[in-house]
Amino acid sequence: MSRTRQGRVVWFTGLSGAGKTTLAQALYQELVDQGEQVELLDGDAVRENLSKGLGFSKADRDTNVRRIAFVAGLLARHGVTVLVSAISPYRDTRDQVLSELPNALEVFVDAPLDVVTQRDVKGLYEKALRGEIQHFTGVNDPYEAPLKADIHLKTDEISVQEGLQRLLSALGVQHGEVARV
């Protein structure tokens, strides 16, 4: 029986609108094009399908993060590169799940509040700033930035392509070749 290589988990964390999903989708496409087994777990899609019914309390947010990590770990153990795009606002929970995942890489997708507010086409930040939305991460609920992220991407200072190149470099991926873990 052939032994499948162990996968890895690339965990994108940051405020809503910072660029997590955009960068994760760009990396996903690059890895798929290179023949990599890859799956994207987007926080919004997971919340709708796997965590439906959870609210936005700390306990519910932590439960959501743990559920995402559980699925990511299952996939990674079967040789899949898993890209997780989730705000995951609480450092202690994020650190715990990352420590339990195979070959985990934490990517802090960072943009200042004024930038993510400008990017917000739904106007949720403005509503939260006016007090119309409670428990909105980065406004009236905390976001605890990583202390030692493996990659720190300031998306107000770099392009998506520059971010993608930094991600590929961190994963040891050369153009046209996927590095095996």
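This is a predicted model: local features need pLDDT of at least 70, side-chain atom pairs count only at pLDDT 80 or more; totals for chains, interfaces and linings use all residues.
Residues are numbered from 1 along each chain as its sequence is written, and side-chain values use heavy atoms, without hydrogens and water.

I begin with α1, residues 20–33; helices here are DSSP runs of H or I, at least four residues, and strands are runs of E, at least two, numbered from the N terminus. Buried in α1 are K20, L23, A24, L27, E30 and L31, where buried means under 20% relative accessible area with a 1.4 Å probe, protein chains only. These residues lie on the same side of α1, because they cover an arc of only 125° around the axis, taken from the directions from the helix axis to the C-beta atoms.

I turn to the cores, which are sets of buried Ala, Val, Leu, Ile, Met, Phe, Trp, Tyr and Cys residues joined through side-chain atoms within 4.5 Å. The largest has 28 residues, and V10, F12, L27, V107 and L167 touch the most other members. A second, separate core of 16 residues includes L41 and I68.

Finally, Y143 sits in the loop between α6 and β5 and, at 18% relative accessibility, counts as buried. Its side chain makes a polar contact of 2.8 Å with that of T13; such a contact is a pair of N or O atoms within 3.5 Å, one able to donate a hydrogen and the other to accept it, and residues adjacent in sequence count only if both atoms are side-chain atoms. The side chain of Y143 also reaches the backbone nitrogen of G14 at 3.3 Å.

Definitions and conventions
The expected span of a helix is 1.5 Å times one less than its number of residues. Buried means under 20% relative accessible area, exposed over 50%, partly exposed in between (1.4 Å probe, protein chains only).
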